Amino acid sequence: MKPHDHSCPSCSGHGLPFIPEPHFRPLPGTGTPVIELRGVGFSYAEREVLSEVDLTVTVGDFLAVIGPNGGGKTTLVKLILGLLAPKEGTVRVLGADPLSVRPAVGYVPQHAQVQPSFPVTVHEVVLLGLRRAGGMLSGGRWPGYRRREKDKAMEALRMVDMADLATRRFDALSGGQKQRVLVARALVSDPALLLFDEPTSNIDPQGKICLFDLLSALSSSITIVMVSHDLISASTRISSVAVVNRRLIQNRSRELTPAMLELIYGTHDASCPLDEYIRGVSSIFGQSGPGSTP
Amino acid sequence: MSGLLGMEFMQNALLAGLLASLACGIIGSLVVVNRQVFMAGGVAHTAYGGVGLAFFLGLPVLPCAVGFTVLAALIMALASFGRSERSDGIIGIMWAAGMAFGILLMDLTPGYNVDLMSYLFGSLLAVPRSDIWFMLLLDVLILGVVLFWYKDFLSLSFDMEFARSTGVPVRMLYALMQVLTAVTVVMVIQIAGLILVIALLTIPPMLAELFTDSLWKTMALATLASLFFCLCGLALSYHLDLTSGASIIAVATAGYVLAWGFKSLRGKA
């Protein structure tokens, strides 16, 4: 366990005291593949969404997958989660079939995807993250939770600086706070990999900064893959970037190559670091880059 | 009062109210939090096809309607699952077709049966003892299923995509939820009638949801609220010689408006 600085102005000020090492760590050592996609293709009916996709994510990566709407970002996430099976190629997560390593993968959907009005406390939302596959008739589905489970959920809430609001109803929170609770729900099962699907949509700018501070802190101990079109907020925090628009191009650094830019926007004439690219885009589009709200 | 309670029809009415309240409290809460009131409406109107079929074939109404409605609910669940943009249309078709099927069978049944009115507007005071046992059986089924899969129902109701990612058998439970809704709807038709069944299935959970912070608490409070509305409505119906189903719904609606007003005022204070 190691301490982290946390100076987000929109958080309550308690900071992120500790980010514990995940219990489930089957493949220690940097460079070990956490996600491997080889020649993956997927289509919905006749519409091809992904084609010949290769992707390698190793332990410790903080990868941002960016791309236009309809480019296959969410499909990619679902393939990694095992919710969809590839039509072609193979998907391996932690060296195994995605369905067999569910407990090691934490999934954070957009907070807007959950029911907006629901009688559930923040604490219970996090407890839902402890539910893992064990067969249709396995136990543990009855109402009520063990003390150990409740403590674990509180620990996850402390990690995202939301322990003070544990007893509050989830629908009474702001967008940024909700997203942090969903991060805690994913963290509660001690995952080796965290998957985020558009984590900053419907969150105010300050909430985004706060969330990315959290992700930065988490990335020191957990491999993170984030699907997003919010390039600007993510730019300084990620370690590598991939672009998906039916095809996928991955870069081991934060640099967007001409080929990547061409895949997103059709054409671009020079390679540039991500930060420079964003500054360039911002100067053209005012304060916001395409598809982003800094 | 004791003389009134000594009458079998009144005992049956109270028991039926209690059993229906339990079913409404539990399943109604799932219906409300999953925003499936329209689906429940479709199921309710399809149930009329089952009632018509029972009359036409001369079979016991409750078991026949349960079987027919469960089948229709399963078809609705299969047709609408994962196709939210088209689910309302599918439900609308089933809604109208089920109702029309029931009416046509009624037309074809020799000698128009006056009991039909009790299925349109409900008649708590006319529930026979044999139906009470059947309702008890259905309540045990509903309670057992929801308790066993409580956390999975909670997870899929709150966030279906996440539930699926953790291995919750979402499709199976979604279908099961529609089956339980069908069972509850048919049960409540006895009391509130086809036209008002949705209100009894919706109002108590919506009221309970205002004051609770967990699904099981919503279910428990909705059950109590539903029972309270049934008893008050029954008393109103008896003393003022009103239709019992409509009286129950009137009380429930007034109760919800009061609760909502109270909650709003408290929120502003």
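**Figure 1. Contacts across the sequence of chain A.** Among the contacts in chain A of this predicted model that link residues at least 6 apart in sequence, 70% bring together residues at least 24 apart. Chain A has 294 residues, and 46% of them count as buried. Its secondary structure amounts to eight helices and eleven strands. The next views pick out a few of these elements.

**Figure 2. An open sheet of three strands in chain A.** Follow the strands across the sheet and you meet them in the order S2-S1-S4, with antiparallel pairing. Strand S2 (47-58) and strand S4 (88-93) of chain A stand at the edges; each has a single partner strand, so one side of each has no neighbour in the sheet. From one strand to the next, the twist averages 20°.

**Figure 3. Where S1 meets S4, and the helix that packs on the sheet.** Strand S1 (residues 33-44) of chain A runs antiparallel to S4(A), and five bridges join the two. For a landmark, look for A:Gly41, which stands opposite A:Glu88 in S4(A). Helix H1 (residues 73-81) of chain A packs on this sheet and touches S1, S2 and S4 of chain A. The direction of H1 makes about 120° with that of S1(A).

**Figure 4. Helices H4 and H5 of chain A, side by side.** A pair of packed helices is described by the angle between their axes and the distance between the axes. Here, helix H4 (residues 175-187) and helix H5 (residues 205-218) of chain A pack at an angle of about 20°, and their axes are 9 Å apart. That angle makes H4(A) roughly parallel to H5(A). The crossing of H4(A) past H5(A) is right-handed.

**Figure 5. A closer look at the residues between H4 and H5.** Which residues of H4(A) meet H5(A)? They are A:Gly175, A:Gly176, A:Gln179, A:Arg180 and A:Val183, and they meet A:Gly207, A:Cys210, A:Leu211 and A:Leu214 in H5(A). Sorted by class, this contact has four nonpolar, four polar and one charged residues.

**Figure 6. Chain B against chain A.** In this view, 28 residues of chain B are in contact with 22 residues of chain A. On the side of chain B that touches chain A, at least two residues come from each of helix H7 (129-148), helix H8 (150-158), helix H9 (160-165) and helix H11 (215-240) of chain B. H8(B) gives the largest share of that side, seven residues. By class, the residues on this side of chain B are twelve nonpolar, eight polar and eight charged.

Terms used: Residues numbered from 1 in each chain as written. Chains lettered and ligands numbered in written order. Predicted model: local features only at pLDDT ≥ 70, side-chain atom pairs only at ≥ 80, totals over all residues. Axes fitted to C-alpha atoms, helices over the stretch in contact; angles between N-to-C directions. Helix = DSSP H or I, 4+ residues; strand = E, 2+ residues; numbered from the N terminus. Parallel < 35°, antiparallel > 145°, perpendicular 65-115°, else oblique. Left-handed = near helix turned anticlockwise from the far one by under 90°. Contact = placed C-beta atoms within 7 Å. Nonpolar A, V, L, I, M, F, W, Y, C, P; charged D, E, K, R; others polar. Pairing = 2+ DSSP bridges. Buried ≥ 20, exposed ≤ 12 C-beta atoms within 10 Å, placed from the backbone.
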